[in-house]
Amino acid sequence: MAILNLLASQRKCRLSEILTGSNPLLRDQSLVEYNQNSSAGIHICALLDSDGTPMEVALAVTKLVDEGFTTVKLKVGRRASPAEDAAVIQKIREVVGYKINIRADANRKWTYKQAIEFGSRVKSLCLQYIEEPVSSVHDLIKFCENSGLPVALDESIDNLKGGPIQKLHQFVHPGIVAVVIKPSVVGGFENAAHIAKWAHMHDKMAIISSAYESSVGLATYIQFAYYVDRQHDLISRLKRYDSCGTVAHGFGTYQWLTEDVSEQKLKILVPPLGDGMGASVEDAHGYLHHLNINDEKIEKTYSEEKLNSYSIQVDGDHFSYVVKVQEAGDCTNDKVVLFLHGFLGTSEDWTPMMKALSPSARVIAVDLPGHGESQILQRDDENFNQISLTIQSVADLLLKLICNITDGEVVVVGYSMGARIALQMILNENHKISGAVLISGSPGLRHEASRRRRTAIDKSRAQFLLTYGLECFIKTWYSGKMWTSLREHPQFDSLVRTRRKHSNITDLSKVLADSSIGRQKSLWEDLKHLEKPVLIVAGEKDVKFKEIAERMCSETREYGEREADCRSNQELCEMIVVPESGHAVHVENPLPLVRALRKFLVRLHQP
C-alpha cells in the first residue's frame with residue numbers, strides 16, 4: 001500500500017490510476033468515467049452482528065437502510081440453532097421488505113446438516129448469498145448442489161497456499177456466485193487483483209473486504225475496489241454479457257471503530273445523486289494526499305529492534321563453550337524463544353524473524369559450537385578428540401545456557417541440525433522447555449546400518465573440509481539436491497557469503513563429524529514420551545523432510561491413542577507445510593513461518 005501511494009504521489013495522480021495504468025483499455029475507460037462524473041466511486045455494504053432478538057436486529061437494519069445502505073451483511077451461526085438465525089432474517093424481511101440485499105456470513109461455523117437446515121428455512125427470503133456456510137470444500141460444493149442457495153467464498157480463499165489461481169478451479173461451480181477478497185489476508189494487492197479477475201472471468205462477483213483496517217487502509221481499498229469494478233465492466237464487455245450490476249464492497253467495518261489514527265474523516269456517505277451508501281475515489285485520494293496522523297490516538301510506535309550481542313561461557317566435559325548470544329525484546333517478558341541454526345549457519349540467520357517477533361517476546365539466538373564467533377576452549381591440555389560435540393552433548397550445554405539466561409521456560413526453535421538439538425532438549429529436560437518448533441528436522445535414523453553408513457559419509461565430509469578448506473566445502477555442500485530451491489532464491493548469494501565467516505574450521509569439521517545424524521541415537525521411539533507441544537514445519541518443495549514431518553506427527557498421535565492418553569495428541573503435535581519453500585524454510589519464505597510461530601506462542605501462553 002505504501003509503495004503504491006508513493007508511486008501515485010511521485011506521478012501526481014490517484015492510486016486508482018496507478019492500478020489501471022498497465023491496461024490501456026481499463027485506463028481509458030476509467031478516465032472517461034472520471035471526467036464525466038467527478039464522484040466516481042464504489043458502493044459499501046453494512047456489517048451487522050445478529051445479537052439481540054429478531055425484532056431488535058430488524059430495527060437495527062432499518063436504521064442502516066435509513067442511513068442509505070442498500071446491502072447489509074449479517075453474522076450467523078452464533079445462535080443456538082440455524083432456525084433462530086433464519087427467524088432473524090424472516091423478521092428483517094417482514095419489517096424492511098425486499099428493497100435491500102441481505103448477505104449472511106456463517107464463518108464456517110455450521111455442519112453440513114445445520115447449513116442445509118438454514119438453507120431450507122431462508123430459501124424464499126432472497127438472500128444475495130450465504131458466505132462460507134461449512135468448513136470443507138466437499139461440503140461447500142454439496143451445499144451448492146442441494147440447497148439451491150447462492151454461496152460466497154471467504155476463508156476458503158484465505159487458506160489457499162502458494163499461488164491461488166491454480167487452486168481456484170475447485171470453486172467454478174455456478175452455485176458459488178461471489179468471492180470475498182481481503183487484500184491483507186490473501187497476500188496483497190497483486191494476489192487480490194488476480195483472484196478478482198478469476199472471479200469475473202467465471203461470472204462471479206468480486207467483493208473487496210476489509211479486516212478492521214483504519215481509514216488509511218480503507219482509503220486505499222476504496223481505490224482498489226474501484227479498479228476491480230472497472231476490470232469487471234471491461235470483462236463484461238469483452239465477453240458480451242450483462243454485468244451483474246452494482247457490487248457493494250465489504251467496508252462496513254468503519255462503523256465498528258470508535259477512533260481512528262487520523263485527524264480528518266474519511267468520507268463515506270450517500271452522494272447527492274447516488275443510490276446507496278458509498279465512497280468517492282476522489283475523496284479517498286484526497287484523504288491520503290492530505291493525511292495527518294493524530295498523535296493523541298497513537299498508543300505505541302514501533303521502531304526496528306536492535307539486537308544486543310554478548311558472550312556467555314558454559315562448561316562441559318573436558319572443555320568450555322564460549323557462546324555468542326544475540327538478543328532482542330523485553331528481557332522481562334516471560335515469553336522466551338531460543339533459536340538454533342543449522343550446520344554452517346550462525347545466529348544471524350534468525351535476525352529477520354527475531355525482529356518480527358521481538359515486540360511480543362524475548363528472542364535469543366546463539367552461535368552453536370564450532371560456528372560463527374563461538375569458541376571451544378580446551379582445559380588442562382586435554383586431547384581434542386576427547387571433546388564430544390554430539391547432539392546430546394550440545395543439548396546438555398544449551399540447557400545449562402538456558403538456566404543462566406532465564407529462570408522460566410523457553411520455547412526452542414530449531415532448523416535442520418538445530419531442530420535435532422531442539423527435539424533432544426524437549427525430550428531430555430522438558431521442565432525448562434515449554435514447547436519446540438522443529439523446522440526441516442528429523443528424529444534420526446531408525447536402522448543401525450543406515451546410521452553406520454551416514455557416520456562414514458559425514459566423517460569423510462569433515463575430512464574434506466579440513467583438507468580443501470571452507471570455500472571449496474561450501475561450494476560442494478550447496479550443490480546438493482536438497483538445496484535446489486534455495487539456489488534459486490534471490491538471497492542465496494548473500495547467504496553463502498555469511499557461511500565463509502566461521503572462525504575455526506577445525507572445530508567446524510569436528511561438529512560435522514560428531515553431530516552426524518548417524519551418531520545420534522534414534523528418537524523415533526522416544527516420541528511417545530513427548531509431553532510438551534511441538535510444531536513441526538516442512539517446506540512444500542522438500543519432499544523428504546515433508547514425509548518425515550508427516551510420520552513424526554502420525555506416530556506421536558498414534559502413541560497417545562494406543563496408550564489411551566487423556567491429553568489431546570492433536571494439540572500436542574501440529575504440522576504446517578510452508579508454500580514456495582524447500583529445506584531452508586526460514587530463508588525462502590519466512591512470513592508464513594513468523595505467523596505460525598506467533599500463533600504457537602499464543603497457544604502456549606493461553607491460561
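The UniProt record, an unreviewed entry, assigns residues 55-150 to "domain: Mandelate racemase/muconate lactonizing enzyme C-terminal". The model examined here is predicted. Within it, the span 55-150 is 52% helix and 16% strand, and its end C-alpha atoms are separated by 25 Å.

M55 contributes, together with L59 and V95, to a nonpolar surface patch of about 250 Å². The relative accessibility of M55 is 37%. M55 is therefore classed as partly exposed, because that class lies between the buried limit of under 20% and the exposed limit of over 50%.

Strand β16 comprises residues 410-415 and is mostly covered, with six of its six residues buried. The side chains along β16 are divided between two directions: V410, V412 and G414 point one way, while V411, V413 and Y415 point the other way. Residues of both sets are buried.

Strand β16 is paired with two other strands, described here in turn. Strand β13, made up of residues 336-340, runs parallel to β16 and is joined to it by four bridges. In this pairing, F339 stands opposite V413 of β16. Strand β17, residues 433-439, also runs parallel to β16, and six bridges join the two.

Definitions and conventions
Residues are numbered from 1 along each chain as its sequence is written. This is a predicted model: local features need pLDDT of at least 70, side-chain atom pairs count only at pLDDT 80 or more; totals for chains, interfaces and linings use all residues. Side-chain values use heavy atoms; hydrogens and water are left out. UniProt positions are given in the numbering used here, feature names are shortened, and annotations may be inferred rather than shown by experiment. Buried means under 20% relative accessible area, exposed over 50%, partly exposed in between (1.4 Å probe, protein chains only). Two strands pair if DSSP finds at least two bridges between them. Patches are made of residues with over 30% relative accessible area and no salt bridge: like charges are joined within 9 Å, nonpolar side chains (Val, Leu, Ile, Met, Phe, Trp, Tyr) within 5 Å. Accessible areas come from the Shrake-Rupley method with a 1.4 Å probe; for residues, only the protein chains shown count as cover. A salt bridge is a side-chain nitrogen of Lys or Arg within 4 Å of a carboxyl oxygen of Asp or Glu.
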